[in-house]
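Hi there,

Here is the structure I promised to pass on to you. Have a look at it first, and then read on for what I found.

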Amino acid sequence: PVCLLLALVSFLFIIVFICGLIIPELANCVGLLFRETPKVVKGLTQELQRNPQLKLYVEQLNENFKFNPKDLESILSKGASILGAGLGGAMNTLVSVVSSVFSTIVTLFVAVVFAVYLLSGKERLETGANEMIHAYIPKWHQKITYVMGVLNQSFRSYIIGQCTEAVILGGLCIVGMWIFRFPYATMTGTLIGFTALIPIAGAYVGGGVGAFMIFTVSPVKAVLFIVFLVVLQQIEGNLIYPRVVGASIGLPGIWVLAAVTVGGGLLGIVGMLLGVPLAAALYQLLQNDVQDRLSGRERRL
């Protein structure tokens with residue numbers, strides 16, 4: 001019970017820490033964007049006043065799109081119909097969003113409760129499963145236990161390797177952003193490290209949020225940050241990830257990339273998450289079977 005409580009508290013602490021680090025900065029960026037918009041509009045207006053050719057071009061556009069006053073009634077009726085349809089669609093969207101949020105909260109609560117019950121009673125579940133296998137298929141008991149043990153070790157090692165790789169990627173991102181003097185380095189690197197728990201493509205999700213925040217400070221730096229993230233992700237995906245995760249689960253790097261590619265093509269993100277540990281388990285089972293067969297031949301010889 002103590003270990004289970006500490007695990008849940010640690011997980012909640014990590015989630016609260018990341019949200020507390022990201023959400024305030026994101027809110028500040030959105031507020032900055034709204035505050036700076038009037039200044040941008042004012043700057044464009046002043047530029048029009050200083051540049052006669054640009055002002056003439058804008059006036060020509062206004063003349064081309066100038067509507068006839070006789071068509072005002074039809075324009076108003078069309079606008080009213082569009083507005084009504086928009087309000088109806090907005091209400092439907094609002095109801096859908098509220099129901100989705102409520103459903104997600106309920107699902108998360110049920111998942112946490114189920115996880116607590118499952119973890120607290122895993123020894124009894126394991127004992128019951130062994131007794132059922134012994135009772136109904138005793139000939140297969142040893143093989144099933146062996147396969148389940150390999151699967152358990154593969155998934156455990158995979159989670160450890162994935163978390164290690166995410167920390168490495170987040171740290172490299174923070175250091176690189178400090179070197180190139182990008183804003184929001186700590187926040188962006190933390191977010192990218194967290195989303196990197198999704199293999200190969202997860203870091204781009206955090207990178208999109210980071211690019212948006214940097215864009216509010218400097219659009220040029222936002223573009224440079226995207227280039228930096230693409231280069232870093234290529235290095236991480238082809239060099240660091242196969243070595244770190246592959247070394248933790250005993251799977252060669254080429255098979256890690258193949259498992260992620262095939263799993264993602266078949267089942268999307270779920271396939272990416274499950275492809276590597278399943279491939280590691282199959283690789284271990286096949287390797288052990290090959291060694292057993294070769295050793296058996298050597299004994300016969």
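Helix α6 is largely enclosed by the rest of the structure, because 9 of its 11 residues are buried. The buried residues of α6 are Ala185, Met187, Thr188, Gly189, Thr190, Leu191, Ile192, Gly193 and Thr195. Please keep in mind as you look that this is a predicted model.

Of the 301 residues of the chain, 24% count as buried.

**How α6 sits beside α5**

When two helices pack together, we describe them by the angle between their axes and the distance between the axes. How do the axes of α5 and α6 cross? They come within 8 Å and cross at roughly 155°. Angles over 145 degrees count as roughly antiparallel, so α5 is roughly antiparallel to α6. The crossing of these two helices, α5 and α6, is right-handed.

**The loop between them**

Two residues in the loop between α5 and α6 are worth a click. One of them is Arg181, which lies in that loop and has a phi near 60°, a positive value in a residue other than glycine. Is Arg181 buried or exposed? With a relative accessibility of 68%, Arg181 counts as exposed, since the cut-off for exposed is over 50%.

Tyr184 is also found in the loop between α5 and α6. Its phi is near 60° too, again a positive value in a residue other than glycine. Tyr184 has a relative accessibility of 21%, so Tyr184 counts as partly exposed; buried would need a value under 20%.

**The largest pocket**

Next, the empty space. Rolling a probe the size of a water molecule over the atoms shows where empty space is left. The largest pocket has a volume of about 2,100 Å³. Its lining is made up of 43 residues, and those nearest the centre of the pocket are Ala7, Phe11, Leu119, Ile159 and Cys163.

Which helices each supply at least two residues of this lining? They are α1 (2-50), α3 (72-120), α4 (122-136), α5 (141-179), α6 (185-195) and α10 (269-300). So the enclosed helix α6 turns up here again, as one of the helices that line the largest pocket. The largest share of the lining comes from α5, with 13 residues. Sorted by class, the lining of the largest pocket has 31 nonpolar, 8 polar and 4 charged residues.

**The second largest pocket**

The second largest pocket holds about 290 Å³ of space. You can find it by selecting the residues that line it: Glu126, Ala129, Asn130, Ile133, Ile144, Thr145, Met148, Gly149, Leu151, Asn152 and Phe155. Both α4 and α5 supply at least two residues of this lining. Which helix gives the largest share? The largest share comes from α5, with 7 residues. By class, the lining of the second largest pocket has 6 nonpolar, 4 polar and 1 charged residues.

Finally, here are some pairs of residues for you to look up.

- Ile15 is in helix α1 and is partly exposed, with a relative accessible area of 27%. The C-alpha atoms of Ile15 and Phe194 are separated by 9.5 Å, while the two residues are 179 residues apart along the chain.
- Asn28 is found in helix α1 as well, and Asn28 is partly exposed at a relative accessible area of 48%. Between the C-alpha atoms of Asn28 and Thr216 there are 9.8 Å, with 188 residues separating the pair along the chain.
- Asn238 lies in helix α8 (residues 219-249). Asn238 is partly exposed, with a relative accessible area of 44%. Its C-alpha atom is 9.2 Å from that of Ile254, which is 16 residues apart from Asn238 along the chain.

Best wishes

Notes: Residues are numbered from 1 along each chain as its sequence is written. This is a predicted model: local features need pLDDT of at least 70, side-chain atom pairs count only at pLDDT 80 or more; totals for chains, interfaces and linings use all residues. Side-chain values use heavy atoms; hydrogens and water are left out. Helices (H or I, at least four residues) and strands (E, at least two) are DSSP runs, numbered from the N terminus. Buried means under 20% relative accessible area, exposed over 50%, partly exposed in between (1.4 Å probe, protein chains only). On a 1 Å grid over the protein atoms alone, a cavity is a set of points where a 1.4 Å probe fits but cannot get out, and a pocket is an open set with protein on both sides within 12 Å along at least five of seven lines; lining residues have an atom within 4 Å of a point. Grid points are joined across faces, edges and corners, and a volume is the space filled by probe spheres set on the points. Ala, Val, Leu, Ile, Met, Phe, Trp, Tyr, Cys and Pro count as nonpolar, Asp, Glu, Lys and Arg as charged, and the others, Gly among them, as polar. Axes are lines fitted to C-alpha atoms, for helices over the stretch in contact, and angles run from 0 to 180 degrees between N-to-C directions. Angles under 35 degrees count as roughly parallel, over 145 as roughly antiparallel, 65 to 115 as roughly perpendicular and the rest as oblique. A crossing is left-handed if the near helix is turned anticlockwise from the far one by less than a right angle, and right-handed if clockwise.
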